[in-house]
Amino acid sequence: MGELLQTTERQLEETNDDGLAVTDLIHLENELQTALIQVRSRKTHLLLESAKGLHEKEKLLQEEKEHLEDNIASIKKNREVNEMSTDFANFPVPHIICGQQRMTLNFL
């Protein structure tokens, strides 16, 4: 403990050789402390703004995802309907069947 006190006194004496008084050093320390508090406050503010922006971006991306999923479901539904109508196109036309049946019945 005594060595620490001697080291501190020695550093203060060396500083005093530069023409700074202890009160000047205390004032400088207070200014540095104030500046550090301001920097930390600004950093916190910027981090909160960044987080808020990221949450908004996440919300927009979620809405876009839902919209795209709805579009995909609609496209799949339309594709299924088109495939069903294509399957029915392969069947013969009903009035032709009736005519063929009539011809068969007339032949009998």
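The side chains of K65 and E69 form a salt bridge, at 4.0 Å from N to O. This is a predicted model: local features need pLDDT of at least 70, side-chain atom pairs count only at pLDDT 80 or more, and totals for chains, interfaces and linings use all residues. Residues are numbered from 1 along each chain as its sequence is written, and side-chain values use heavy atoms, with hydrogens and water left out.

**Exercise 1.** Find where K65 and E69 lie, and how many residues apart they are.

*Solution.* 
- Step 1. Take the rule: a salt bridge is a side-chain nitrogen of Lys or Arg within 4 Å of a carboxyl oxygen of Asp or Glu.
- Step 2. Recall that side chains of opposite charge can pair when their charged atoms come close.
- Step 3. Locate the pair. Both K65 and E69 sit in helix α2 (residues 22-89). They are four residues apart, about one turn of the helix.
- Step 4. Count. The structure holds one salt bridge.

**Exercise 2.** Classify K65 and E69 as buried, partly exposed or exposed.

*Solution.* 
- Step 1. Set the cut-offs: buried is under 20% relative accessible area, exposed is over 50%, and partly exposed is in between (1.4 Å probe, protein chains only).
- Step 2. K65 has a relative accessible area of 44%, so K65 is partly exposed.
- Step 3. E69 has 43%, so E69 is partly exposed too.
- Step 4. Look at the whole protein. Buried residues make up 1% of its 108 residues.

**Exercise 3.** Describe the fold pattern and the span of residues 51-78.

*Solution.* 
- Step 1. Helices (H or I, at least four residues) and strands (E, at least two) are DSSP runs, numbered from the N terminus.
- Step 2. The pattern along the sequence is α-α-α.
- Step 3. An unreviewed UniProt entry lists residues 51-78 as "coiled-coil region"; such annotations may be inferred rather than shown by experiment.
- Step 4. In the model, this span is 100% helix and 0% strand. Its end C-alpha atoms lie 41 Å apart.
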